Amino acid sequence: MKKLIAGNWKMNGSLAANESLLHALAEGLADEAASEIAICVPAVYLAQVQSLKKTVARLAPLGVGAQDVSAQLEGAYTGEISARMLLDMGCRYVIVGHSERRQYHAETDVLVAEKTRAALGVGITPIVCVGETLMEREAGYTEEVVKRQLAAVVHANGHCISEIVVAYEPVWAIGTGKTPSPEDAQSVHAVLRAQLKAATDQFSRVRILYGGSMNATNASALLAQPDIDGGLIGGASLKSVDFLKIIAAAQV
Ligand code: PEP
C-alpha cells in the first residue's frame, strides 16, 4: 500500500499565495511518486486548485480534498457544503473530525461518524481524525479516547470503514512543534490497527496517518514505523520546500 501524504492548509491561503505554492510544488514533484499526495484546501479555493491541475501537468497526480463536509445531503442548511458538492468539485478526500472542529465547533463523535457516512456515500474518502488532548494523555486515557472516537465511526459505517483513512492526531501536538516519539505514535497506531482488524476483514486497506507537527526533520523517523502509513500535515504543507521534503521522506 502506498503511503499517503496529505496537506491540510486549514484557513490559510489566497488566490495569489495558492498559485505560487502550487507552482513551487509542481517544480519539486517527481514524475513517478512512490506515495500518494493530496492537499485539503479551503472549499472556496477548490475551483482554483482544480483549474491549476488542468494547466500544470506535474500537478495532475495531486489528490484534492476539503477540510469538512456536512452530514446532511442537501437542503436548508445555510453555510454548509454537501458531500455531493465536494464530489462535483473533484474532491477525492475530505477531512472529518479534525480536532479544531471538535473543539471550536463542538463536533461530537456521532456527528463525525455521520459526516464520514456522507462522504462514503458519494465515494469520497474521509480522512477521519482521532486524538487525545494533553489532559487526557496525562491522565492515561489516550487509548480509551482514540478507540471511542474510532468506534463511533465503525458503528455508523459498518463494513464501509475499509474505505476510510484514519489520522491519529494527538491534539497537543497540532501546531505546537511537539510530537510523540515515533515509538509512542506507533503504539497508538497499533491499537487503531487492531481495532480496525476486529471491525473488518479488509483492515489492511485502511491507511493510518500520523498528524501533529510533522515536519521535514521528524518525518522520516515517524514514517518508518510499521503502522504509520503516511502523514496529515498542517503548517509544513504551506511551505513547498518542507512539504516536498516530507514527500521525499515517504518515498524511502
Ligand atoms: C493538522 O492540522 O492536521 C496538523 C497536523 O497541523 P500541524 O502539522 O501544523 O501540527
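The structure holds 14 salt bridges. It is a predicted model.

**Salt bridges**

| Pair | Closest N to O distance |
|---|---|
| Arg92 and Glu36 | 3.8 Å |
| Glu163 and Arg205 | 3.0 Å |

Start with Arg92 and Glu36, which form a salt bridge. Arg92 sits in the loop between α3 and β4, and Glu36 in strand β2, so the pair ties together parts that are 56 residues apart in sequence. Arg92 has a relative accessible area of 37%, so the residue is partly exposed. Glu36 is at 21%. A residue is buried only under 20%, so Glu36 still counts as partly exposed.

Lys115 is buried, at 3% relative accessibility. Glu107 is buried too, with a relative accessible area of 6%. This pair belongs to a network of salt bridges that links Asp68, Arg101, Glu107 and Lys115.

Glu163 lies in the loop between α7 and β6, while Arg205 lies in the loop between α8 and β7. The two are 42 residues apart, and the pair links distant parts of the chain. Glu163 is partly exposed at 36% relative accessibility. Arg205 is partly exposed as well, at 44%.

**The aromatic pair**

The structure holds one aromatic pair. Its members are Tyr168 and Tyr210, with ring centres 6.3 Å apart. Their planes stand at 65°, so the pair is edge-to-face. Tyr168 belongs to strand β6 and Tyr210 to strand β7, 42 residues apart. Both Tyr168 and Tyr210 are buried.

**Met85**

Met85 is found in helix α3, which covers residues 83-88. Its relative accessible area is 46%, so Met85 is partly exposed. Leu73 is 12 residues from Met85 along the chain, and their C-alpha atoms are separated by 9.5 Å.

**The ligand site**

The ligand is surrounded by 14 residues. The closest are Lys10, Glu169, Gly175, Ser213 and Gly235. By type, the shell divides into four nonpolar, eight polar and two charged residues.

An N or O atom in the side chain of Glu169 is 2.7 Å from a ligand oxygen. For Gly175, a backbone N or O atom lies 2.6 Å from a ligand oxygen. A polar backbone atom of Gly235 is 2.8 Å from a ligand oxygen. Taken alone, the ligand exposes 300 Å², and the protein buries 95% of that.

How values were computed
Residues numbered from 1 in each chain as written. Predicted model: local features only at pLDDT ≥ 70, side-chain atom pairs only at ≥ 80, totals over all residues. Heavy atoms only, no water. Near = heavy atom within 4 Å. Polar contact = N/O pair within 3.5 Å; in protein donor to acceptor, adjacent residues only side chain to side chain. Areas by Shrake-Rupley, 256 points an atom, 1.4 Å probe, with all protein chains shown as cover. Nonpolar A, V, L, I, M, F, W, Y, C, P; charged D, E, K, R; others polar. Phe/Tyr/Trp six-rings, centres within 6.5 Å; stacked < 30°, edge-to-face > 60°. Helix = DSSP H or I, 4+ residues; strand = E, 2+ residues; numbered from the N terminus. Buried < 20%, exposed > 50% of the residue type's maximum accessible area, 1.4 Å probe, protein only. Salt bridge = Lys/Arg side-chain N within 4 Å of Asp/Glu carboxyl O.
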